[in-house]
Protein chains: 2
Amino acid sequence: MPRKLQDEDSILRKIADSFRSSSGQGLGKPIVLGIGDDAALLRPKPGHELILTCDWFLEGTHFLRDKHPPDSVGWKCLARALSDVAAMGGIPRCFLLSLALPETHTGRWLDLFLGGLRRASRKFRCFLAGGDTTRRNDILINITVVGEVRTGHAILRSGARPGDIIFVSGRLGEAELGLHVLRHNKGMASTKTALRRKHLYPEPRLALGQWLAQKGFPTAMMDLSDGLSTDLSGLCAASAVGASLNHSKVPQVRILAATPRRDYNSHQLALHGGDDYELLFTVPPRKTKFLPETFQGVSLTAIGRIVRGRKLLLLVENGRAMQLVPSGWDPFRKKL
Amino acid sequence: MPRKLQDEDSILRKIADSFRSSSGQGLGKPIVLGIGDDAALLRPKPGHELILTCDWFLEGTHFLRDKHPPDSVGWKCLARALSDVAAMGGIPRCFLLSLALPETHTGRWLDLFLGGLRRASRKFRCFLAGGDTTRRNDILINITVVGEVRTGHAILRSGARPGDIIFVSGRLGEAELGLHVLRHNKGMASTKTALRRKHLYPEPRLALGQWLAQKGFPTAMMDLSDGLSTDLSGLCAASAVGASLNHSKVPQVRILAATPRRDYNSHQLALHGGDDYELLFTVPPRKTKFLPETFQGVSLTAIGRIVRGRKLLLLVENGRAMQLVPSGWDPFRKKL
């Protein structure tokens with residue numbers, strides 16, 4: 001049985017030990033100084049800009065203590081922050097972990113959490129550089145990720161122009177359906193099915209984002225974290241444009257016969273479901289022919305077009321157009 | 001009456017608007033892109049390393065909703081994170097704000113909080129680059145600060161050598177006594193007295209830290225956040241040395257006649273009191289003659305010496321030596 005830890009130093013030591021072999025410190029590595037001093041030191045690469053992003057991951061708001069395996073909490077808190085780096089076409093460098101825990105969770109729970117976090121850290125080559133820990137009744141996590149991108153090459157939300165074709169990667173609504181399945185299960189979630197994996201262990205589209213930025217295809221890009229309707233609305237607002245979506249083209253989650261309570265609406269899940277961490281991007285029409293149908297096994301699908309004006313339209317059957325109302329995740333409107 | 005905000009977008013807009021005139025964005029400024037995209041972009045200065053640090057500031061653990069004025073919460077959450085940059089001799093560049101709030105606090109409380117945060121941001125020239133917001137019953141804050149230091153010039157905790165003289169800035173125990181005074185007051189704290197100001201509006205010793213690093217005086221440095229006994233123990237552990245403190249030399253908080261409940265022990269407050277955000281640093285004996293007695297009005301005091309071995313000794317009257325036990329702040333041992 002892992003011992004429960006009684007003071008902050010032991011917890012910091014446990015975290016540092018857990019990441020020793022993948023710390024990013026040493027010859028030719030980005031982190032000059034990691035955990036154990038007042039702050040971390042990072043040596044930036046010449047000719048690059050830094051990407052900075054932080055993300056809450058809070059018990060009750062973003063995950064449930066009795067439903068989400070600690071390993072998944074560790075993986076996902078980093079993966080979703082990395083998705084913001086992917087959305088700019090950047091390369092992850094390091095992250096800071098702020099962790100507040102009850103004393104009861106400083107033993108086995110912390111070990112499993114660190115295991116998931118370490119797997120994500122290794123897979124996406126984003127090293128632990130520092131952090132802060134404290135005691136708390138709730139489990140609170142905040143992750144700051146530092147990434148890099150060649151100066152002037154970051155893809156922003158604000159570059160979409162009328163006529164650009166709107167693309168998404170993957171299928172939408174899978175993570176939200178995965179969450180529903182998980183909530184209707186008793187006890188801790190099994191990670192066996194693809195839907196649950198999509199919810200518990202999302203894969204930030206780093207390679208795709210970097211490839212798109214390197215090729216210079218997208219005029220604008222962001223990640224799908226709150227749901228297509230909400231995120232597309234954000235991209236359009238930043239670019240001062242509107243969008244016309246082809247409803248039948250939006251790649252939807254497949255609802256399998258084995259899914260419990262089969263009254264889910266795959267249209268609604270694809271339009272408004274959160275947590276997919278796919279990429280949403282716009283490409284000028286003359287460049288779309290250079291885009292493959294899939295990239296490393298992930299589909300790239302044209303779903304509509306950027307238009308003048310600020311409206312979001314959804315084209316349904318027979319050419320009818322409805323207004324698309326942003327209805328995705330907003331932590332000030334609803335809870336997990 | 002400021003309106004209460006109902007969704008995350010309005011809260012992000014309010015934060016962005018509040019910092020518009022001091023955003024650090026624009027010609028010659030460090031932030032290429034701030035709030036409103038997936039992440040912030042920062043252009044690092046050539047020949048410099050980045051300092052990265054994050055800090056929790058949580059209701060009930062680090063501040064009290066009914067005792068700490070929102071303006072002070074805003075000031076202090078940034079000031080204490082900046083203190084870690086000061087401790088390395090660095091220059092602040094920008095910060096990320098993660099904020100979780102109850103809906104009831106998105107009106108006047110948020111305005112006052114942002115006012116205090118903005119004042120600290122301007123005073124210490126550390127610009128808001130991005131952040132994350134969410135709804136929560138408790139007020140949760142996490143601050144990430146990015147600073148810069150010339151490559152190879154950061155002062156670490158690990159450089160102290162036997163024979164080095166130990167210095168502190170300012171008087172110790174003031175902030176802890178300020179907290180006691182505040183807790184025994186009814187209602188919200190008045191900011192009139194120096195002690196309360198020291199607790200509510202600490203001043204990170206950025207200019208001192210930069211000056212010391214530039215002159216190359218300290219072999220090791222850290223900030224005093226948890227209390228001298230705990231922090232000196234940390235510095236000694238990082239440097240694999242011990243320390244011998246001269247008790248009578250430690251500059252102690254002055255307990256005034258007007259202080260309510262005058263049974264405070266200024267010795268104990270100075271040795272173990274937290275939250276002072278003064279600097280603790282070690283200087284080789286041959287260099288101490290170049291140190292002034294005060295720097296910009298803040299006293300610099302020699303309080304002891306680094307020794308071989310790993311013991312922390314406290315020299316009291318008649319040359320008697322006691323063991324100094326680290327007894328400062330540790331969030332896994334006690335609560336505010």
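Is Leu140(A) buried or exposed, and how many other C-beta atoms lie within 10 Å? Leu140(A) is buried, because 24 other C-beta atoms are found within 10 Å, and a residue counts as buried once 20 or more lie that close. The legends below describe a predicted model.

**View 1. The place where S3(A) meets strand S2 of chain B.** S3(A) pairs with strand S2 (residues 40-42) of chain B in the antiparallel sense, and three bridges connect them. One residue to look for here is Leu52(A), whose bridge partner in S2(B) is Ala40(B).

**View 2. A second open sheet of six strands, in the order S1(A)-S2(A)-S3(B)-S6(B)-S4(B)-S5(B).** The pairing in this sheet is mixed. Its edge strands are strand S1 (31-33) of chain A and strand S5 (127-135) of chain B, each of which pairs on one side only. From one strand to the next, the twist averages 25 degrees. Strand S2 (residues 40-42) of chain A and strand S3 (residues 48-58) of chain B are joined by three bridges in the antiparallel sense, and Ala40(A) stands opposite Leu52(B) in S3(B).

**View 3. Strands S4 and S6 of chain B, with helix H2 of chain B.** Strand S4 (residues 91-101) and strand S6 (residues 140-150) of chain B run antiparallel and are joined by nine bridges. Ile91(B) has Glu148(B) as its bridge partner in S6(B). Helix H2 (residues 70-86) of chain B lies across S3, S4 and S6 of chain B, and it runs at about 30 degrees to S6(B).

**View 4. The contact between chain A and chain B.** Chain A contributes 55 residues to this contact, and chain B contributes 55 residues as well. On the side of chain A that touches chain B, strand S3 (residues 48-58) gives the most, with nine residues. Sorted by class, that side of chain A has 29 nonpolar, ten polar and 16 charged residues. Because 100% of the interface residues of chain A are also interface residues in chain B, the copies meet through the same surface. Chain A is superposed on chain B by a rotation of 180 degrees, with 0.0 Å of shift along the axis and an RMSD of 0.0 Å, and the two copies are therefore related as by a two-fold rotation axis.

**View 5. Strand S8 of chain B and its partner S10(B).** Strand S8 (residues 220-224) of chain B is largely enclosed by the rest of the structure, because five of its five residues are buried. S8(B) pairs with strand S10 (residues 278-283) of chain B over five bridges in the antiparallel sense, and in this pairing Ala220(B) stands opposite Thr282(B) in S10(B).

**View 6. Chain A as a whole, with the scores of the model.** Chain A has eight helices and 14 strands, and of its 336 residues, 55% count as buried. Among the contacts in chain A with a separation of 6 or more, 83% are between residues 24 or more positions apart. The mean pLDDT of chain A is 90, and 90% of its residues reach 70 or more, while the model scores ipTM 0.92 and pTM 0.93.

Technical notes. Residues are numbered from 1 along each chain as its sequence is written. Chains are lettered from A and ligands numbered from 1 in the order in which they are written. This is a predicted model: local features need pLDDT of at least 70, side-chain atom pairs count only at pLDDT 80 or more; totals for chains, interfaces and linings use all residues. Two residues are in contact if their C-beta atoms, placed from the backbone, lie within 7 Å. Helices (H or I, at least four residues) and strands (E, at least two) are DSSP runs, numbered from the N terminus. Ala, Val, Leu, Ile, Met, Phe, Trp, Tyr, Cys and Pro count as nonpolar, Asp, Glu, Lys and Arg as charged, and the others, Gly among them, as polar. Two strands pair if DSSP finds at least two bridges between them. Axes are lines fitted to C-alpha atoms, for helices over the stretch in contact, and angles run from 0 to 180 degrees between N-to-C directions. A residue is buried if 20 or more other C-beta atoms lie within 10 Å of its own, exposed if 12 or fewer, and partly exposed in between; C-beta atoms are placed from the backbone. Copies are superposed by least squares on the C-alpha atoms of residues with pLDDT of at least 70 in both. pLDDT is the predictor's confidence in each residue, from 0 to 100.
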